[in-house]
Amino acid sequence: MNICVFLSAADLDERYTRPAREFAELLGKGGHTLVWGGSDVGLMKVVADGVQEAGGRLLGVSVEFLAAKARAGADEMIVARDLAERKRLLLEKADAVVIMVGGTGTLDEATEILELKKHGHTDKPVVLLNSAGFYDGLKTQFRRMEDEGFLPRALTDLVFFAEEPVGALAYLEESRGIA
């Protein structure tokens, strides 16, 4: 399975790097391909290292203005013209999506895939990995959107909230009939 991971490129604390590394190792050992933003820095590097060390493939989609930070040892690297094209290519190449901790770029990517799902433009499974409770506030906001009628589909149809990496991958594999 090609698993797109949206995440930060920042250098982060162990409470975020540990679950990211654990998910990456599970992904690699499962024979899956990481589809990610292509950067070889911060949390993106942690995940790419873990996948590669565990025997998985790396398919990066960088963007022209960040190409200098792209991982040299990826199995495949695509360089998009801009962020919109990068997002489109990441989603196009993926069978499933995992949202890890991140900033505004990660949030932008997350809301785009959820909007596509909401309108029936994709049926790819989406997991939000809630490492160290990072997305507790967002989970509360999504539930409020559902409760107050802002979502035309059940929240559970749009996204699965996983508290641990093993649950995230198990959900994706089950969704795709692999497990």
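A residue is called buried when its relative accessible area is under 20%, exposed when that area is over 50%, and partly exposed in between, using a 1.4 Å probe and protein chains only. Leu138, at 22% relative accessibility, therefore counts as partly exposed. The model is predicted, so local features need pLDDT of at least 70 and side-chain atom pairs count only at pLDDT 80 or more, while totals for chains, interfaces and linings use all residues. Residues are numbered from 1 along each chain as its sequence is written, and side-chain values use heavy atoms, with hydrogens and water left out.

Helices (H or I, at least four residues) and strands (E, at least two) are DSSP runs, numbered from the N terminus. Leu138 belongs to helix H5, which covers residues 136–147. A contact means heavy atoms within 4.5 Å. When neighbours within four places in sequence are set aside, Leu138 is in contact with Leu107 and Leu128. Ala74 is 64 residues from Leu138 along the chain, and their C-alpha atoms are separated by 32 Å.

## Helices H1 and H7

Two packed helices are described by the angle between their axes and the distance between the axes. Axes are lines fitted to C-alpha atoms, for helices over the stretch in contact, and angles run from 0 to 180 degrees between N-to-C directions. The axes of helix H1 (residues 14–29) and helix H7 (residues 165–175) come within 8 Å, and they cross at roughly 35 degrees. From H1, the contact uses Pro19, Glu22, Phe23, Leu26 and Leu27; from H7, it uses Pro165, Val166, Ala168, Leu169 and Leu172.

For sorting these residues, Ala, Val, Leu, Ile, Met, Phe, Trp, Tyr, Cys and Pro count as nonpolar, Asp, Glu, Lys and Arg as charged, and the others, Gly among them, as polar. The contact of H1 with H7 then has nine nonpolar residues, no polar residues and one charged residue.

## Two nonpolar cores

In soluble globular proteins, nonpolar side chains tend to be buried together. A nonpolar core is a set of buried Ala, Val, Leu, Ile, Met, Phe, Trp, Tyr and Cys residues joined through side-chain atoms within 4.5 Å. The largest core here has 29 residues, and Ile3, Phe23, Leu34, Val98 and Met100 touch the most other members. Two or more residues of this core come from each of strand S1 (2–6), H1, strand S2 (33–36), helix H2 (42–53), strand S5 (96–99), strand S6 (126–129) and H7. H2 gives the largest share of this core, six residues. Apart from this core lies another, of 25 residues, including Leu89, Ala94, Ile113 and Leu155.

What is Ile3 in contact with, leaving aside its neighbours within four places in sequence? Its contacts are Phe23, Leu27, His32, Thr33, Leu34, Val35, Ala96, Val98, Leu169 and Leu172.

## Aromatic pairs

A pair of aromatic rings is described by the distance of the centres and the angle of the planes. Rings of Phe, Tyr and Trp (its six-membered ring) pair if their centres lie within 6.5 Å; planes under 30 degrees apart count as stacked, over 60 as edge-to-face and the rest as tilted. By this rule there are four aromatic pairs. Phe134 and Tyr135 form an edge-to-face pair, with 4.8 Å from centre to centre and 85 degrees between the planes. Phe134 is partly exposed at 34% relative accessibility, whereas Tyr135 is buried at 6%. Ring pairs also link Tyr16, Phe134 and Tyr135 into a cluster.

The rings of Phe160 and Tyr171 are stacked, because their centres are 4.3 Å apart and their planes are at 5 degrees. Phe160 lies in strand S7 (residues 160–162) and Tyr171 in helix H7, so this pair ties together parts that are 11 residues apart in sequence. Phe160 is partly exposed, with a relative accessible area of 31%, and Tyr171 is partly exposed at 23%.

## Further residues

Arg18 lies in helix H1 and is partly exposed at 36% relative accessibility. Arg81 lies in the loop between strand S4 (76–80) and helix H3 (83–93). At 57% relative accessibility, Arg81 counts as exposed. Leaving aside neighbours within four places in sequence, Arg81 is in contact with Val63 and Glu64. Thr156, in helix H6 (residues 155–158), is exposed, with a relative accessible area of 63%.

The table gives separations for these residues.

| Residue pair | Apart in sequence | C-alpha to C-alpha |
|---|---|---|
| Arg18 and Val46 | 28 residues | 9.1 Å |
| Arg81 and Phe65 | 16 residues | 8.4 Å |
| Thr156 and Arg143 | 13 residues | 9.9 Å |
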